[in-house]
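Hi everyone, thanks for making the time. Let me put the structure up on the screen, and then we'll walk through a few parts of it together.

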Amino acid sequence: MALETIQIQEKLNQIFGENVSNYNQEKDIFSFEVTADTITSVILFLKNDPELRFHFLTDLCGVHYPDNEVNRQFVVVYHLHNWYENKRIKIKAFISGENPQINTISNIFLSSNWMERETFDFYGIDFIGHPQLKRILNMDEMISFPMRKEFPMEDSGRTDKDDRFFGRTTDNY
Amino acid sequence: MSELLLPPEHRYAKRIKEQQNEDGSELSILNLGPTHPATHGIFQNILLMDGERILEAEPTIGYIHRAFEKIAENRPFYQVTPLTDRMNYCSSPINNMGWWMTLEKLLDIEVPKRAQYLRVIVMELARIADHIICNSILGVDTGAYTGFLYVFQFREKIYEIYEEICGARLTTNMGRIGGFERDWSPEAFKKLDIFLAEFPAAWQEFENLFVRNRIFIDRTVNVGAISAEKAMAYGFTGPNLRGSGVDYDVRVAQPYSSYEDFDFIVPVGKSGDTYDRFCVRNAEVWESLSIIRQALDKMPEGNDFHADVPDYYLPPKEDVYTSMESLIYHFKIVMGEVPVPVAEIYHPVEGGNGELGFYLVTDGSRTAYRLHFRRPCFIYYQAYPEMIKGALLSDAIVILSSLNVIAGELDA
Amino acid sequence: MKFGCLISEIQYIMSNSKVNMVEPPEGVVGEGFFATKLNDVVGMARANSLWPLPFATSCCGIEFMATMASHYDLARFGSERVSFSPRQADMLMVMGTISKKMAPILRQVYEQMAEPRWVIAVGACASSGGIFDTYSVLQGIDKVIPVDVYVSGCPPRPEQIVDGVMKLQELVKSESVRRRSSPEYQQLLASYNIK
């Protein structure tokens, strides 16, 4: 019997109640929100429950919404996959923009180790309990978190590219 | 000696001090990379070694971090394909097509059957090209240069087919929303036929050179073995996972671009060692060839090469000059005035190295709000330190080679 | 055998076989001697045995593989031996994006090379940063090391890479043996802060 989304929803509702919300089907992926405090237990439950069996972490990444209210400015997105039933789900956990913190899941999925480091590198999201939370792609000396919307794409210190020729100034003269 | 290489507070320095071998030898540190020739890319590993045996490895990556995801947030959708090209540059068409399919899923566009089959053909060609590189370089790393020289000629043949299709060799930037930018020329099909006729014999010979080769077997069997459980925990996908015996393949699990129409098997290994990974890739090349033949046989009549979606597909240039409607569409597409829904999409394809996923968040504007690439290399490379623990230094090179870690994909 | 005879004999062989040999430099040929400028002889020798150090970081590296492989065969131009040790290499070929994290390493590799040394920037990324005008990418390797030849393309075709090497050969042929100790060259290195 195929795993129905309603089944997932009921199970989660039964155990976590208010902490899991906003269930909806986005194209082919069933998606819901989880409060940041319960993320570890929800994922552990999804992984170990004999019916749900979401045993594979496909992806983990962050998104920045600077225009949201303060405690919903960052979101960590988890994609889980159940290979037995071939079912994908997406979990979102919103966290505060002032002090972005969330518990690590690197003790549940080994693969999340570097993905969390990457998210930290890009957004400065602190994964509490991560064994080695330091920058992975950028240099250790870097102080900005480049994927946050307020940081520009280009390096401001570069000298060889004239912004006027790239249509990047408001008044081209 | 070791104080020169590492600061004394480093964890290796402490271990070297503590460990006393009976014969008076001491542990040493070896810096492998970032420009080591045998790593085919730039990764650094600081190895703690006891003689020739690796005790521990500390990987550093990010040496060609190019900020793809940041660029993608600042460019219109159709300017993201050149970025995907440069991710896994050994098999760019798969990345291109994966990106277009993500957009098609977002915009609910149905691609005509013929265009889907053409996509399948080019994706399978890309897979062959990818596996040619991986397997022949694995040969070079075990000391067999001949295989590399021999099969690389056929990579050139694949490049020539790409050139007929899109004009570029390596970074193809192929396809558009809804299909291809132009129909395939008869020359492309002719070159494809020649390739299909000539390549199998060469690949068979390549296989014969390695599969029962004593030296090759000695160098690869039981080297870098990883169990299926461990591989799944580390997020392995693609040929590396199948080498461990798990038959997960996105083409079968979530068929895209009409893969369900074709009859192919998913080759799996058993022990997950370097030899199995090599054999899985070898077998996949045969499957890819069979898929290409099936696609050519089943190719629907006609000359549909793109979906009829004037909102997103650029009209032919002649029409832009002569018809009002085309001019308006052209203008709208180029200026980015196309309707894009606010949505979140995840689309996976089976890339050369595993599940290549595109997680796209849109806000209705002409650029992506957030685009995250699920890069298979990045995820499975974290298992490398564990895989080489206890192995010889020369094995570490072979294991890295058999994992086929592409630096561009690793660092994005 | 007399040297003059040897040259005429070589010319005879050249005209009758597919073996392609380099023209001797301009000079005076007589019985038992051949007089020419030291510059020319050294230049000829250097130009035709440039050992490349492939500093391949990304896509262009794959095209370099194709250049080295059987179809394009860079070995025809005297670059048979790919030297992965900077100490023994003459020509540093930088292929692919150099990020800011990588820049110090590139510089170190350049510093380890012995004089005379030449640099080819292969591809748009190495030449100017290419399409990656971002916070993490060095906008052209000429920010950290001097470059002799730039090859355009993203990635360049193998023919273009070969053309770049041939352009460099032209440079090497005409280079004075004294250039590397000249004050201008010292000044150039000093401007990059290379000792």
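Let me begin with a question: are H2(C) and H6(C) roughly parallel or roughly antiparallel to each other? Before I answer, please keep in mind that this is a predicted model. In chain C, helix H2 covers residues 38-47 and helix H6 covers residues 158-173; their axes come within 8 Å and cross at roughly 155°. Angles over 145 degrees count as roughly antiparallel, and therefore H2(C) and H6(C) are roughly antiparallel to each other. As for handedness, this crossing is right-handed. On the H2(C) side, the contact is made by Asn39(C), Gly43(C), Met44(C), Arg46(C) and Ala47(C), and H6(C) contributes Gln169(C), Val172(C) and Lys173(C). Sorted by class, that gives three nonpolar, three polar and two charged residues.

Now over to chain B, and to Arg86(B). You'll find this residue in the loop that links helix H4 (81-85) and helix H5 (92-107) of chain B. Is Arg86(B) buried or exposed? Arg86(B) has 7% relative accessibility, so it counts as buried. And what is Arg86(B) in contact with, if we set aside neighbours within four places in sequence? In chain B, the partners are Arg66(B), Phe68(B), Thr171(B) and Gly408(B), while chain C supplies Cys59(C), Ile131(C), Phe132(C) and Cys154(C).

Cys60(C) is in no disulfide either, and the nearest cysteine sulfur, in Cys59(C), is 6.1 Å away. Like the previous example, Cys60(C) is buried, here with a relative accessible area of 7%.

Last stop, chain A. This chain has three helices and seven strands, and from the N terminus on the order is α-β-β-α-β-β-β-β-α-β. The C-alpha trace of chain A spans about 65 × 35 × 30 Å along its principal axes. Of the 173 residues in chain A, 55% are buried. If you look at chain A contacts between residues at least 6 apart in sequence, 51% join residues at least 24 apart.

That's my tour, and I'm happy to go back to any part of it!

Key
Residues numbered from 1 in each chain as written. Chains lettered and ligands numbered in written order. Predicted model: local features only at pLDDT ≥ 70, side-chain atom pairs only at ≥ 80, totals over all residues. Heavy atoms only, no water. Axes fitted to C-alpha atoms, helices over the stretch in contact; angles between N-to-C directions. Helix = DSSP H or I, 4+ residues; strand = E, 2+ residues; numbered from the N terminus. Parallel < 35°, antiparallel > 145°, perpendicular 65-115°, else oblique. Left-handed = near helix turned anticlockwise from the far one by under 90°. Contact = heavy atoms within 4.5 Å. Nonpolar A, V, L, I, M, F, W, Y, C, P; charged D, E, K, R; others polar. Disulfide = S-S within 2.5 Å. Buried < 20%, exposed > 50% of the residue type's maximum accessible area, 1.4 Å probe, protein only.
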